[in-house]
Amino acid sequence: MAAALLAGVAGCLRLPALPPVAAAWLVLVAGLVLWWRSGLPRFAGALLCGFALASLHAGAAMSLRLPVALERADVMASGTVVDLPLHEPGRTRFRFRVDDDGSQEAALRGRLLQLSWYADRGDRGDRAQGALLRAGSRWELHLRVRAPRGLRNPGSIDAEKRALAARIAATGYVRDPELARESAPARGIDAWRGRMAARIEASVPSPSSRFVRALALGDTRGLQEADWT
(Lines give C-alpha, C1' and ligand atoms only; values in the text may rest on other atoms or scores of the structure.)
Protein backbone atom coordinates (compact mmCIF):
# COMPACT_ATOMS: atom_id res chain seq x y z
CA MET A 1 0.00 0.00 0.00
CA ALA A 2 2.90 2.35 0.70
CA ALA A 3 4.05 1.97 -2.90
CA ALA A 4 0.57 2.85 -4.13
CA LEU A 5 0.44 5.94 -1.91
CA LEU A 6 3.82 7.11 -3.24
CA ALA A 7 2.71 6.45 -6.80
CA GLY A 8 -0.31 8.68 -6.21
CA VAL A 9 1.89 11.45 -4.83
CA ALA A 10 4.23 11.16 -7.83
CA GLY A 11 1.26 11.35 -10.18
CA CYS A 12 0.07 14.57 -8.54
CA LEU A 13 3.54 16.13 -8.83
CA ARG A 14 3.59 15.45 -12.57
CA LEU A 15 0.42 17.43 -13.25
CA PRO A 16 0.82 20.78 -15.05
CA ALA A 17 -1.61 22.33 -12.52
CA LEU A 18 -3.27 21.30 -9.27
CA PRO A 19 -6.85 20.01 -9.46
CA PRO A 20 -9.63 22.04 -7.78
CA VAL A 21 -9.91 21.56 -4.03
CA ALA A 22 -13.43 20.11 -4.31
CA ALA A 23 -12.22 17.53 -6.82
CA ALA A 24 -9.31 16.55 -4.54
CA TRP A 25 -11.71 15.99 -1.63
CA LEU A 26 -13.97 13.81 -3.80
CA VAL A 27 -10.99 11.74 -4.93
CA LEU A 28 -9.92 11.33 -1.29
CA VAL A 29 -13.38 10.10 -0.25
CA ALA A 30 -13.46 7.67 -3.19
CA GLY A 31 -9.99 6.46 -2.30
CA LEU A 32 -10.94 5.80 1.33
CA VAL A 33 -14.02 3.85 0.26
CA LEU A 34 -11.96 1.66 -2.07
CA TRP A 35 -9.22 1.21 0.53
CA TRP A 36 -11.63 -0.66 2.81
CA ARG A 37 -12.09 -3.32 0.16
CA SER A 38 -9.71 -6.13 -0.65
CA GLY A 39 -7.70 -6.97 -3.73
CA LEU A 40 -7.17 -4.57 -6.60
CA PRO A 41 -9.73 -1.97 -5.38
CA ARG A 42 -7.68 -1.51 -2.22
CA PHE A 43 -4.56 -0.79 -4.27
CA ALA A 44 -6.52 1.72 -6.37
CA GLY A 45 -7.85 3.32 -3.19
CA ALA A 46 -4.34 3.84 -1.83
CA LEU A 47 -3.30 5.33 -5.18
CA LEU A 48 -6.22 7.78 -5.11
CA CYS A 49 -5.57 8.70 -1.47
CA GLY A 50 -1.94 9.49 -2.21
CA PHE A 51 -2.96 11.63 -5.18
CA ALA A 52 -5.64 13.50 -3.21
CA LEU A 53 -3.51 14.10 -0.11
CA ALA A 54 -0.63 15.42 -2.20
CA SER A 55 -3.03 17.74 -4.07
CA LEU A 56 -4.58 19.11 -0.86
CA HIS A 57 -1.19 19.50 0.81
CA ALA A 58 0.27 21.35 -2.19
CA GLY A 59 -2.83 23.53 -2.47
CA ALA A 60 -2.60 24.51 1.19
CA ALA A 61 1.07 25.42 0.76
CA MET A 62 0.40 27.45 -2.38
CA SER A 63 -2.40 29.37 -0.65
CA LEU A 64 0.17 30.82 1.76
CA ARG A 65 2.17 32.51 -1.00
CA LEU A 66 2.09 36.27 -1.47
CA PRO A 67 -0.71 37.41 -3.81
CA VAL A 68 0.20 39.26 -7.01
CA ALA A 69 -1.40 42.47 -5.71
CA LEU A 70 1.34 42.80 -3.07
CA GLU A 71 4.24 41.97 -5.40
CA ARG A 72 7.09 44.39 -4.59
CA ALA A 73 4.80 46.30 -2.26
CA ASP A 74 5.98 48.24 0.79
CA VAL A 75 4.30 47.15 4.02
CA MET A 76 4.62 47.80 7.73
CA ALA A 77 4.67 44.57 9.72
CA SER A 78 5.13 43.58 13.32
CA GLY A 79 6.17 40.11 14.35
CA THR A 80 8.83 37.85 15.79
CA VAL A 81 12.30 36.87 14.59
CA VAL A 82 12.24 33.07 14.39
CA ASP A 83 15.23 30.75 14.19
CA LEU A 84 18.76 32.17 14.37
CA PRO A 85 19.62 35.22 12.21
CA LEU A 86 22.59 34.79 9.89
CA HIS A 87 24.95 37.76 10.07
CA GLU A 88 27.03 38.26 6.91
CA PRO A 89 29.23 41.11 5.67
CA GLY A 90 26.85 43.82 4.53
CA ARG A 91 23.59 42.12 5.50
CA THR A 92 21.71 39.95 7.97
CA ARG A 93 19.34 37.23 6.77
CA PHE A 94 16.52 36.13 9.05
CA ARG A 95 13.04 34.64 9.18
CA PHE A 96 10.17 36.72 10.47
CA ARG A 97 6.75 35.50 11.62
CA VAL A 98 4.15 38.24 11.11
CA ASP A 99 1.61 38.71 13.90
CA ASP A 100 -1.76 37.12 13.26
CA ASP A 101 -4.00 40.07 14.11
CA GLY A 102 -6.15 42.65 12.38
CA SER A 103 -3.49 45.36 12.40
CA GLN A 104 -1.38 43.48 9.84
CA GLU A 105 -1.75 43.22 6.08
CA ALA A 106 -4.39 40.51 5.55
CA ALA A 107 -2.27 38.49 3.11
CA LEU A 108 0.66 38.41 5.58
CA ARG A 109 -1.09 37.67 8.87
CA GLY A 110 0.62 34.78 10.60
CA ARG A 111 2.85 34.18 7.58
CA LEU A 112 6.55 33.32 7.61
CA LEU A 113 8.84 35.67 5.65
CA GLN A 114 12.49 35.29 4.59
CA LEU A 115 14.07 38.73 4.92
CA SER A 116 17.39 40.54 4.57
CA TRP A 117 18.58 43.61 6.45
CA TYR A 118 21.20 45.36 4.32
CA ALA A 119 23.82 47.76 5.59
CA ASP A 120 23.83 51.34 4.37
CA ARG A 121 26.99 52.49 2.65
CA GLY A 122 27.87 54.85 5.47
CA ASP A 123 27.23 52.38 8.27
CA ARG A 124 29.97 50.51 10.07
CA GLY A 125 30.16 47.78 12.68
CA ASP A 126 27.50 45.46 13.99
CA ARG A 127 24.72 47.97 13.61
CA ALA A 128 25.40 48.14 9.87
CA GLN A 129 24.92 44.39 9.59
CA GLY A 130 21.60 44.25 11.42
CA ALA A 131 23.26 42.45 14.31
CA LEU A 132 20.75 44.04 16.68
CA LEU A 133 18.37 41.29 15.60
CA ARG A 134 18.08 38.45 18.07
CA ALA A 135 16.15 35.22 17.72
CA GLY A 136 12.88 35.46 19.61
CA SER A 137 12.77 39.27 19.66
CA ARG A 138 9.77 41.22 18.41
CA TRP A 139 10.13 44.02 15.85
CA GLU A 140 8.12 46.51 13.84
CA LEU A 141 9.64 46.73 10.36
CA HIS A 142 9.06 48.57 7.10
CA LEU A 143 9.41 45.88 4.42
CA ARG A 144 9.39 45.42 0.68
CA VAL A 145 8.17 41.93 -0.21
CA ARG A 146 7.69 39.67 -3.19
CA ALA A 147 6.73 36.05 -3.86
CA PRO A 148 9.62 33.57 -3.49
CA ARG A 149 11.46 32.86 -6.71
CA GLY A 150 14.93 31.88 -7.81
CA LEU A 151 17.15 31.18 -10.78
CA ARG A 152 15.96 28.54 -13.24
CA ASN A 153 19.42 27.39 -14.32
CA PRO A 154 19.70 23.59 -14.65
CA GLY A 155 21.53 22.10 -11.70
CA SER A 156 21.11 25.12 -9.45
CA ILE A 157 19.21 25.21 -6.15
CA ASP A 158 15.44 25.34 -6.56
CA ALA A 159 14.74 28.30 -4.28
CA GLU A 160 11.00 28.26 -4.94
CA LYS A 161 10.69 24.60 -3.97
CA ARG A 162 12.66 25.20 -0.77
CA ALA A 163 10.47 28.16 0.13
CA LEU A 164 7.34 26.13 -0.54
CA ALA A 165 8.58 23.28 1.66
CA ALA A 166 9.45 25.73 4.47
CA ARG A 167 6.04 27.48 4.13
CA ILE A 168 7.72 30.81 3.37
CA ALA A 169 5.03 33.13 2.03
CA ALA A 170 7.31 35.90 0.76
CA THR A 171 10.86 37.13 0.60
CA GLY A 172 12.00 40.71 0.97
CA TYR A 173 14.20 43.19 2.77
CA VAL A 174 14.02 45.89 5.42
CA ARG A 175 13.43 49.38 4.02
CA ASP A 176 14.21 52.51 6.02
CA PRO A 177 16.12 50.73 8.82
CA GLU A 178 15.91 53.90 10.89
CA LEU A 179 12.17 53.23 11.27
CA ALA A 180 12.73 49.71 12.64
CA ARG A 181 11.77 49.38 16.29
CA GLU A 182 12.24 46.50 18.70
CA SER A 183 8.97 46.12 20.61
CA ALA A 184 9.99 43.25 22.92
CA PRO A 185 13.31 41.61 23.84
CA ALA A 186 14.29 38.10 22.83
CA ARG A 187 12.56 35.23 24.60
CA GLY A 188 11.56 31.62 23.97
CA ILE A 189 13.44 28.56 22.77
CA ASP A 190 15.11 30.35 19.83
CA ALA A 191 16.37 33.09 22.15
CA TRP A 192 17.84 30.39 24.41
CA ARG A 193 19.52 28.74 21.42
CA GLY A 194 21.05 32.08 20.46
CA ARG A 195 22.44 32.67 23.95
CA MET A 196 23.84 29.15 24.19
CA ALA A 197 25.43 29.44 20.74
CA ALA A 198 27.21 32.63 21.83
CA ARG A 199 28.43 30.96 25.02
CA ILE A 200 29.76 27.95 23.13
CA GLU A 201 31.53 30.20 20.63
CA ALA A 202 33.17 32.09 23.51
CA SER A 203 34.07 28.96 25.49
CA VAL A 204 35.40 26.91 22.55
CA PRO A 205 37.75 29.30 20.73
CA SER A 206 38.94 26.75 18.17
CA PRO A 207 37.33 26.56 14.71
CA SER A 208 35.68 23.29 15.74
CA SER A 209 33.19 25.24 17.88
CA ARG A 210 30.94 25.42 14.83
CA PHE A 211 30.50 21.64 15.02
CA VAL A 212 29.68 21.80 18.73
CA ARG A 213 27.01 24.44 18.05
CA ALA A 214 25.60 22.42 15.15
CA LEU A 215 25.38 19.15 17.09
CA ALA A 216 24.21 20.63 20.40
CA LEU A 217 21.80 23.31 19.19
CA GLY A 218 21.13 22.74 15.50
CA ASP A 219 22.98 26.01 14.80
CA THR A 220 24.41 25.34 11.35
CA ARG A 221 25.20 28.96 10.50
CA GLY A 222 28.94 28.40 10.73
CA LEU A 223 29.08 25.31 8.51
CA GLN A 224 30.51 25.50 5.00
CA GLU A 225 29.92 23.22 2.02
CA ALA A 226 33.07 21.23 2.86
CA ASP A 227 31.76 20.66 6.38
CA TRP A 228 28.48 19.28 5.07
CA THR A 229 30.34 17.02 2.66
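Modeller: L70 touches E105, A107 and V145, leaving out residues up to four places away in sequence. This is a predicted model, where local features need pLDDT of at least 70, side-chain atom pairs count only at pLDDT 80 or more, and totals for chains, interfaces and linings use all residues. Residues are numbered from 1 along each chain as its sequence is written, and side-chain values use heavy atoms, with hydrogens and water left out.

Biologist: What makes these touches contacts?

Modeller: Contact means heavy atoms within 4.5 Å. The C-alpha atoms of L70 and A107 are separated by 8.4 Å, and the two residues are 37 apart along the chain.

Biologist: Why is L70 called buried?

Modeller: Buried means under 20% relative accessible area, exposed over 50%, and partly exposed in between (1.4 Å probe, protein chains only). L70 has 12%, so L70 is buried. Of the 229 residues of the protein chain, 31% count as buried.

Biologist: How do you know how the chain's radius of gyration stands against a compact globule?

Modeller: The radius is taken over C-alpha atoms, and the globule rule is 2.2 Å times the number of residues to the power 0.38. For 229 residues a compact globule would have a radius near 17 Å, but the protein chain has 22 Å. Its C-alpha atoms fill a box of roughly 70 × 45 × 35 Å along the principal axes.

Biologist: How much of the accessible surface belongs to carbon and sulfur atoms?

Modeller: The share is 59% of about 13900 Å², by the Shrake-Rupley method with a 1.4 Å probe, where for residues only the protein chains shown count as cover.
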